[in-house]
Each structure stands twice: as C-alpha cells, then as structure tokens.
Amino acid sequence: MSSKSEGKSSGRATISDVAKTAKTGKTSISRYLNGEQHLLSDHLRQRIEDAIRQLNYRPSQMARSLKGGQSQLIGLIIADITNPYSVNVLRGIEAACRANNYTLLMCNTNNEVDQEEHYLQLLNSYQVDGIVVNAVGMREEALNKMQQSLLPMVLIDRKIPDFACDAVGLDNIQASTQVTEHLLQQGFEAILFVSEPFGLVNTRLERLQGFKQTMEQHQGAVAEHAEVTLEDTCGLETILREFNHKYRGMRKAVISVNGALTLQIARALRHIGLQWGSDIGLLGFDELEWAELAGVGITTLKQPTYQIGYAALEQVLKRIQGDDQPVQEQQFHGELIIRGSTTH
C-alpha cells in the first residue's frame, strides 16, 4: 500500500491539517493567513508556507469573508431566465459584480411565486450581502420577512405594490408614448395594444397608460387593448383576426408589451395570413436578435438592459456600504429601432 503525504489522505485540506504538518498550532496558521506574519518567526513562517504548498491548502473564502462581516455574495432572483431581457440584464449585473469583487448567486423562479419565496429564504441562509430582484408577485408574508431582514435590495423592471424599495428600469410611460407617437406619425389610424395579463405588473400597466394617454390626444385615432397569455395561441389569433376585421379600410398596427409576446404575435399573424409591413403594422417592446430578419423587419423599442443591470448592482452596493438616502427609482430611456413593419 503506497504511503500518503503527511496531512489529509483525501479531500480538501483544513487549517488543522496545515497546523499538524507545520508542527504548530492553529493560532499561528490563522495569523499567517490574516496577514499577521510579522508576529511569527522566520523559521515558523517558512514551515507554514511549506505545509500550505505540500497540502495544496486553499483557505475557505466564505469563512474568511463571514469573519470579516461580509460574504462578498450578491443574490439575484430573476423571473424568467429564458427571456432575452433577463439574459442581458444578468450580463450587466455580472459585470458589475466582477468589477467590485463580488460573486453572484443566481436563482430563476420561472415566474412562480412559491419559488420566489423559497429562493429568498435560501439566499438569506447563504448570508448574501445584498439582493437584486426581478419580481414575480411576492405575497405579504414574504415581503414582511424581507423588511425584517433589512437586507439591501434593489428591484429591476417590476416594482412591488406598497413595498418601499430602490428600483431600476425603463421609463415605461415615456417609452410607450414614444412608440405610440411613432405609429401615429406613420399614419396608423387604429392601434391595438396587446399585453400578457396585466395583474399588478407595473411595467405592463405603465406601458398601457402611456399608450392610452397618447392616443387620447389624437382625435380620430382608435385605441384598443387586449390581454392574453403566451400559451393561448387560439385566443391571440382571434384577437388579431377580429381587430383586423373590425377596422377594415383603416391603417392598423399592433403594439406588443414585450419580446416574448412579440414572437407569439408574429407567429399568429403569419398563421392567419396577415403580413406585417403591408397588411398591418407591428411594433414590440424589447429588441430581439431575429427582429431585423423577420420579413421586412420588426420595429422595436430597445431597452438599455446591460446598463439597467449594472446600475442595479451599483445601487445595492451603495446600500451595503451604508447609504441611507431615501428610496429612489432610476429610470432609463429606450431606443426606438425603426424597421419595415411600421414604415411600409
């Protein structure tokens, strides 16, 4: 049977293994690791260095961080990781974490409230320093726990009713006003705003508000809105077919509340035989990689998602560092990318 090097025979070496190999106590090892090497003799310091190298010892960053009062961990609860918006926001958060020497723990709730509460508890158990939340719809019990924990938190995109918290996202009313005015300027007379179920999701409600307010300022323009789930293909086709039939002879357009719904609307229009750009206008919130390739191209409202993610993480860090300014909301402007679906 082959002999093992002194110390641990398998697994990860511990501080006790280092102390045993260096023939000293754990206090001396701790002093070495914590930068107090001037308290050790040259001979002892050399023995400790040799032991660390021999055992390939790596200090637990978690243990050392907790001892210093911070874990250097940031928690992220995101509603839907399959959504391109979420992916791009995540990139911004990750970049800001790297720039500030933080590690990101990401949890995907898949738009399920129960999962959201589970991950909140889990991140608390990991003693994260702060948390970024792309909220689904937290219940009162979960909100009370959040408030009691006093954990620094920033909300992205979706705000939570009656919950005072820093938030970062798009200026939805301004953006919705911008896209609606674009369609009116292009001569569209009847415009349908289609959304996933509004519920209490502030982004959807604010975009609808901007749309309605803008349409009210233009006499003769017809405004309609409808809500439908992403999975209700038949319902969406019916909505589009009836809107097209109801306003025969008028120049018509559809606004989609987000990128996931834009894809479903594009599919539905194709299925019922309507071409965007010629038969009907189409404009969607969120820029999509395929938007410029679909037919004559689909006009989109591009959100500065990377910047939103980066700003959210920076705001969390301010709170971690003791910033006690009143709760604030940072709003970014989007960029209208005009393509053939609204100009033909």
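Colleague: What is the volume of the largest cavity?
Modeller: This is a predicted model. A search of the whole structure finds 1 cavity of 30 Å³ or more. The volume of the largest cavity is about 70 Å³.

Colleague: Which element gives the largest share of the lining of the largest cavity?
Modeller: Strand E5 (166–170), helix H9 (202–216) and strand E11 (329–332) each give two or more residues to that lining. Among the lining residues are Ala-167, Val-168, Gly-169 and Leu-170. The largest share is 4 residues, and the element that gives it is E5.

Colleague: How many residues of the cavity lining are charged?
Modeller: The lining includes Asp-157, Lys-159, Glu-206 and Glu-329. Asp, Glu, Lys and Arg count as charged. By class, the lining has 4 nonpolar residues and 4 polar ones, and the number of charged residues is 4.

Colleague: Is Thr-203 buried or exposed?
Modeller: Thr-203 lies in helix H9. Leaving aside neighbours within four places in sequence, Thr-203 is in contact with Asp-157, Arg-158 and Asn-172. Its relative accessible area is 5%, under the 20% cut-off, so Thr-203 is buried.

Colleague: Now the open side. How much space lies in the largest pocket?
Modeller: The lining of the largest pocket has 28 residues. Asn-111, Arg-158, Glu-196, Arg-204 and Asn-258 lie nearest its centre. The space in the largest pocket is about 560 Å³.

Colleague: Which element gives the largest share of the pocket lining?
Modeller: Helix H5 (84–99) and H9 are the elements that give two or more residues to the lining of the largest pocket. By class, that lining divides into 10 nonpolar, 10 polar and 8 charged residues. The largest share is 3 residues, and the element that gives it is H9.

Colleague: Where is Pro-304 found, and what is its relative accessible area?
Modeller: Pro-304 is found in the loop between strand E10 (299–302) and helix H12 (305–320). Beyond its neighbours within four places in sequence, Pro-304 is in contact with Leu-170, Phe-332, His-333 and Gly-334. Pro-304 counts as buried because its relative accessible area is under 20%, at 14%.

Colleague: How many Å apart in space are Pro-304 and Gly-169, C-alpha to C-alpha?
Modeller: Gly-169 is one of the residues that line the largest cavity. In sequence, Pro-304 and Gly-169 are 135 residues apart. In space, C-alpha to C-alpha, the distance is 8.8 Å.

Colleague: What is the relative accessible area of Thr-180?
Modeller: Thr-180 lies in helix H8 (residues 172–185). Not counting residues up to four places away in sequence, Thr-180 touches Phe-211, Thr-214, Met-215 and Ile-255. Thr-180 is buried, and its relative accessible area is 0%.

Colleague: What is phi of Asn-56?
Modeller: Most residues other than glycine have a negative phi. Asn-56 is found in the loop between helix H3 (42–55) and helix H4 (61–67). At 52% relative accessibility, Asn-56 counts as exposed. Its phi is positive, near 55°.

Colleague: Is Asp-286 buried or exposed?
Modeller: Asp-286 lies in the loop between strand E9 (281–285) and E10. Asp-286 is not a glycine, yet it has a positive phi of about 85°. Its relative accessible area is 8%, so Asp-286 is buried.

Colleague: How many disulfides does a search of the whole structure find?
Modeller: Cys-97 counts as buried, at 1% relative accessibility. Cys-234 counts as exposed, at 58%. The search needs a pair of cysteine sulfur atoms within 2.5 Å. The number of disulfides found is 0.

Colleague: Last, the whole chain. What percentage of the 344 residues is buried?
Modeller: The protein chain has 12 helices and 12 strands. Among contacts between residues at least 6 apart in sequence, 69% join residues at least 24 apart. The accessible surface comes to about 17300 Å², and 47% of that belongs to carbon and sulfur atoms. The buried share of the 344 residues is 48%.

Terms used. Residues numbered from 1 in each chain as written. Predicted model: local features only at pLDDT ≥ 70, side-chain atom pairs only at ≥ 80, totals over all residues. Heavy atoms only, no water. 1 Å grid on protein atoms, 1.4 Å probe; cavity = no way out; pocket = protein on both sides within 12 Å on 5 of 7 lines; lining within 4 Å. Points joined across faces, edges and corners; volume = space filled by probe spheres on them. Buried < 20%, exposed > 50% of the residue type's maximum accessible area, 1.4 Å probe, protein only. Contact = heavy atoms within 4.5 Å. Areas by Shrake-Rupley, 256 points an atom, 1.4 Å probe, with all protein chains shown as cover.
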